[in-house]
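Hi,

Here is the structure I promised to hand over. Have a look at it first, and my notes follow below.

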Amino acid sequence: LVRCCRWFNLPFKRFARVVLGAPDLRLNFLSIWPLRPLEALFNKSAEQLLWNHTAFPYATAFLAGESFEQARSAALDGGLGMPRLLAAMQNVSGELTYRRYCPHCLQESVATNGETYWERSHNLPGVFICVRHPCALSVTSLPASSSLKTIYELPIECMECPATEREFQPSKALLALARSSVELLGRQAGPGESRSSDWYRE
């Protein structure tokens, strides 16, 4: 969607209103709601878009019951469950300040596709290592949290923040956390598994 707007010099709000016929559609980092208007554009079901192209699987990994169903329904079709969805998605956006990318993934993407992408797995809370390469992720100066302004920059255009210029050695603990996070992101479609207070203390 971002690349389409860039190629045609078209603001996203106008694209949503004129092309998609969905004036209420809002583009956020790692998510866009509701997904149903995008089915024809991508030739994929809203469910496929939800589970394979947003951070929803990670955000709802520990959410079950009516709360999960309301969040899922809102993600697909909008409606009354939107507050529940936004609350769930804070599990991702709440701790993510700036967008991150892997320099090796960036080079591979340019060589293979001629484009760079924002990877979901690089932009999860506490994930500072790329699982595929295992190396430190570069932190950009682009905000990851919700903003009234649509951000059209791609990873290849980003400058690293000064904070990432220092030496950083990925630890086993950080790599394990990144792997666990990626597993949650790639989990099977369906409700999450609720965790008790005893489980968290343990």
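Which side chain does glutamate 193 meet in a salt bridge? The partner is arginine 195, at 3.5 Å from N to O. By salt bridge I mean a side-chain nitrogen of Lys or Arg within 4 Å of a carboxyl oxygen of Asp or Glu. Arginine 195 is partly exposed, at 29% relative accessibility (buried is under 20% relative accessible area, exposed is over 50%, and partly exposed lies in between, with a 1.4 Å probe and protein chains only).

Before the rest, some housekeeping. This is a predicted model, so local features need pLDDT of at least 70 and side-chain atom pairs count only at pLDDT 80 or more, while totals for chains, interfaces and linings use all residues. Residues are numbered from 1 along each chain as its sequence is written, and side-chain values use heavy atoms, with hydrogens and water left out.

Back to the charges: the structure holds 7 salt bridges. One of them joins arginine 6 to glutamate 157, with N and O 2.9 Å apart. That pair ties together distant parts of the chain, 151 residues apart: arginine 6 sits in helix H1 (residues 2-7), and glutamate 157 in the loop between strand S6 (138-143) and helix H9 (172-185). (Helices are DSSP runs of H or I with at least four residues, strands are E runs of at least two, and both are numbered from the N terminus.) Both ends are partly exposed, arginine 6 at 33% and glutamate 157 at 39%.

Glutamate 47 and arginine 72 form another salt bridge, their closest N and O atoms being 2.3 Å apart. Glutamate 47 is partly exposed at 25%, and so is arginine 72 at 26%. There is also a salt-bridge network, made of Arg36, Glu39 and Asp77.

On the nonpolar side, Phe62, Trp199 and Tyr200 make a surface patch of about 330 Å². Patch residues have over 30% relative accessible area and no salt bridge; like charges are joined within 9 Å, and nonpolar side chains (Val, Leu, Ile, Met, Phe, Trp, Tyr) within 5 Å. The areas are Shrake-Rupley values with a 1.4 Å probe, and for residues only the protein chains shown count as cover. Tyrosine 200 belongs to helix H10 (residues 197-201).

Lastly, serine 31 in strand S2 (residues 31-33) is buried, at 10%. Beyond its neighbours within four places in sequence, serine 31 contacts Arg26, Thr54 and Met89 (heavy atoms within 4.5 Å).

Cheers
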